[in-house]
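User: I would like to go through the fold of this chain. Please keep the answers brisk.

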Amino acid sequence: MEAALFSLPSSSSHSYPFSLKSHFNNPFITSHSNSHLKSKPRTLTIRSAISRTKKEETIETVKQQLEDCYLLAGISYKGLTVKQFQDLRAQLPETTKLLVAKNTLVLKAIEGTKWEALKPCMKGMNAWLFVHSEEIPAALKPYRTFLREKKLEENDFTGGVFEGKFYGPDEFKVLENLPTRAEIYSQLLGSLKGPASAVVGTIQAPARNLVMVLKAYVKKLEEEEGGSQ
């Protein structure tokens, strides 16, 4: 069998862009050795898109929770374990939702709304309580109890917004001591049986109390009408 030979020019006065290395494929070098370098930009693009989608979903979730929301409160969750979060969620009323979301995303969701007053507590690691009930004390009590039982006093409320007003950590006692619906009904009935000045005093109470009083009064009239038929 005859072997085919390549004859290479020997003259040093000319250079040729030719080499055995470039002519033959090296069987020990795979063609996809640098493929991972080419795929990086695409991988980063996909990850960025997923991250952006998750952020948009979180913002939308916050907006949905703000619908029919009476109180939005921040709590410091630094150091809390997954188990503790699960225990806390189990203790909260059905009308209170606990959501973990970055401050920047929550701030974007509340931008241009009455909840924007929450800005002062947009620091540190916050979880958020969305209270969908007029019974504010009943919604806050489980978390206060949780802090006491777990000895986590440092994980206090960081702030909250109720009726468009911001309440700092040292003002939460005001919210926790608001009268319940039953107490307001009792006040109303007592004022209706008493002198006119008592009725005026009830009407001059905070806006929330006044709304509750009016609702209670309407309910009382409806019950009286139903009983007379």
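User: Which residue in β5 is the bridge partner of Val-161?

Analyst: This is a predicted model, where local features need pLDDT of at least 70, side-chain atom pairs count only at pLDDT 80 or more, and totals for chains, interfaces and linings use all residues. Residues are numbered from 1 along each chain as its sequence is written, and side-chain values use heavy atoms, with hydrogens and water left out. Strands (E, at least two residues) and helices (H or I, at least four) are DSSP runs numbered from the N terminus. β4 and β5 run antiparallel, joined by 3 bridges; the partner of Val-161 is Phe-166.

User: In what order do the strands of the open sheet lie?

Analyst: Two strands pair if DSSP finds at least two bridges between them. β2 (96–100) and β5 (165–167) each pair on one side only, as edge strands. The pairing is antiparallel, and the order is β2-β3-β1-β4-β5.

User: What angle does the direction of α3 make with that of β2?

Analyst: Axes are lines fitted to C-alpha atoms, for helices over the stretch in contact (heavy atoms within 4.5 Å). Angles run from 0 to 180 degrees between N-to-C directions. α3 packs on the sheet and touches β1, β2 and β3; its angle with β2 is about 160 degrees.
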